[in-house]
Amino acid sequence: MKSLYNKKILQVQTSKIRQFNDYTKSVGADVILTLGEPDFFTPEAITDEAIKALKEHQTKYGPTSGFADLRQKICEFEKKYNNFECVPDEVLITHGSTEALCSAFFTMLNPGDEIIVPIPAYPMYRQMIEFMGGKVITMDTSHTNFQITKPMLAKALSSKTKAIILTSPNNPTGAILSDESYEVIYQALKDKEIFIISDDVYNQIVYSKRKLGIIKYPDLKDRIIVCQSYSKSYAMPGWRCGYMLANKEFIKHATKIHQYMIVALNTFIQPAMIKALEYDSSEMVKIYQERRDYIYDRLVKMGLEVDKPEGAFYIFPSIKKFNISSFEFCKRLALEYKVAIIPGDCFEADDHVRISYCVDFETIKVACDRLEKFIKTL
Ligand SMILES: Cc1ncc(COP(=O)(O)O)c(C=O)c1O
C-alpha cells in the first residue's frame with residue numbers, strides 16, 4: 001500500500017509537540033504548560049460581531065482573497081501599528097498564519113531551493129518546507145542569545161537560498177531579534193534576490209517598547225512576506241484566521257493555492273476580524289508579563305541558565321548541565337512530578353525545554369514548585 005502514497009507525505013512527521021502533550025496526559029500530568037494557546041477567552045466584542053454576522057445570514061461563499069473592507073482595515077492597521085505601507089491587493093486573508101506560511105512556501109519553492117531557518121524554531125517550518133521539495137538550512141542561535149550574527153548568516157547563504165524565516169518574538173525562546181541582528185540581515189540580503197518571511201504571530205505580545213522588525217527597511221519591502229495570526233494577540237486560536245502581506249505578484253500566485261485549498265475564509269468571521277483590529281490587547285500582555293517575571297525569577301533561583309523572554313509566552317531554559325536529553329527530562333518530569341512541558345528537541349534544541357506560561361498564575365506556581373523539587377533529584 002505504501003507505494004500508493006506521495007513519497008514525501010510518508011516522511012512528514014505529525015507534530016511532536018502535540019504527541020508529547022498527549023503522552024503527558026496519558027501518564028496523568030495535571031499541571032500542563034505545553035501548548036501555545038492563550039488561556040483568555042476571545043474578547044466578547046469580537047465574538048458578538050461574528051454572532052451578528054451569522055444572524056444576518058453572512059453564510060455565503062466569500063471573495064477568494066477576503067472581504068475588501070477587511071483588507072482595507074488591515075492596511076490601515078499595519079500603517080498605524082507597524083508603519084508598513086500596503087494596499088488591499090497586497091493582502092490575502094488566510095486560515096490562520098499556518099495557511100499563510102504554507103501558501104508562501106508553495107508559491108516560492110522549486111525542488112532543491114533552500115530556506116534558512118534560525119533554530120530553535122517552530123517545527124512546522126521544516127515539515128512543510130521539506131514536503132514542498134525545499135531544503136532547510138539551519139542557523140543555530142542557541143549560543144548567541146538567539147541572535148543572528150554575520151558569520152552564521154554568511155555560512156548559511158548559498159546560490160540556492162530562496163528565503164529566510166524570521167520569527168520575532170520567537171517560539172520557543174520568546175527572544176526578540178535585536179537591531180544588530182536586523183542590520184546583519186539587511187546588509188547581507190539587500191542586494192540579493194531572496195525572500196524574507198516574517199512570521200509575526202507574536203509581534204503584539206512584547207514586554208518592552210515595541211520596535212519595528214525587518215519591515216523597517218523599505219527597500220526590502222517587495223521581498224518581505226508577512227504571515228500574521230489572530231490566534232495569539234486576540235486569543236482566537238480556534239477561529240483559524242490570519243493574513244499574508246506581500247507584493248501584488250506574490251499575492252496573486254499565493255491566492256491560487258489559497259483558492260484551491262480553502263476557497264475563501266469563513267464569511268461570518270471576517271467582520272469579527274475587523275472588530276479585533278480595534279481591540280487593545282495591552283491588558284492581556286500585562287498579565288503575560290507578570291507571569292514572565294515570576295517564572296523567570298523562579299527559574300533563575302533554581303539555578304537554571306535562562307534568557308529573559310522579551311515577548312510571546314514561552315520561556316526556554318537550558319538543561320545542558322543535567323546531561324540528559326530534553327525528552328528524558330520532560331518525560332521524567334511528567335511521570336514523577338505530573339508537570340507537562342515540551343522537550344527542546346521538538347524545536348531542534350535538545351539542550352533546552354520550553355515552558356508555556358499562557359496558563360493561570362497558580363498553575364505556574366505549582367509547576368515551579370514541582371520543577372524545583374525535580375531538579376534537586378538530578
Ligand atoms: C511561530 C508560529 N508561527 C505560526 C503559528 C501558527 O499560528 P496560527 O494559529 O495562526 O495558524 C504558531 C502557532 O503556535 C507559531 O508559534
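Analyst: Helices (H or I, at least four residues) and strands (E, at least two) are DSSP runs, numbered from the N terminus. This is a predicted model: local features need pLDDT of at least 70, side-chain atom pairs count only at pLDDT 80 or more, and totals for chains, interfaces and linings use all residues. Residues are numbered from 1 along each chain as its sequence is written, and side-chain values use heavy atoms, without hydrogens or water.

User: Which residue just after α4 takes a positive phi?

Analyst: Helix α4 covers residues 68–82. Just after α4, a positive phi of about 55° is taken by N83.

User: Within what arc do the buried residues of α4 fall?

Analyst: Buried means under 20% relative accessible area, exposed over 50%, and partly exposed in between (1.4 Å probe, protein chains only). The buried residues of α4 are L70, R71, I74, C75, F77, E78 and N82. They line one face of the helix, because the directions from the helix axis to their C-beta atoms stay within an arc of 165°.

User: Which residue of β7 stands opposite S198?

Analyst: β6 and β7 pair in the parallel sense over four bridges. Across from S198, the β7 residue is V226.

User: What is the bridge partner of I165 in β6?

Analyst: β5 (residues 161–167) pairs with β6 in the parallel sense, over five bridges. β6 is largely enclosed by the rest of the structure, because four of its five residues are buried. In β6, I165 is partnered by I197.

User: Is S233 buried or exposed?

Analyst: S233 sits in the loop between β7 and β8. Leaving aside neighbours within four places in sequence, S233 is in contact with V201, Q204, I205, S281 and M284. Its relative accessibility is 2%, so S233 counts as buried.

User: What is omega for the cis peptide bond joining I119 and P120?

Analyst: P120 lies in the loop between β3 (114–119) and α6 (124–131). The bond from I119 to P120 is cis, with omega of about 5°.

User: What is omega for the peptide bond from N171 to P172?

Analyst: P172 belongs to the loop between β5 and α8 (179–189). This bond is cis, and its omega is near 25°.

User: Is N323 buried or exposed?

Analyst: N323 is in the loop between β9 (314–315) and α12 (326–337). Its phi is positive, near 60°, in a residue other than glycine. Relative accessibility is 71%, so N323 counts as exposed.

User: How far apart do the C-alpha centres of domain 1 and domain 2 lie?

Analyst: Domain bounds come from an automatic or database domain assignment. Domain 1 is 2–42 + 281–376, and domain 2 is 44–277. Their contact takes 35 residues from domain 1 and 38 residues from domain 2. The C-alpha centres are separated by 24 Å.

Terms used. Expected span 1.5 Å × (residues − 1). Pairing = 2+ DSSP bridges. Contact = heavy atoms within 4.5 Å.
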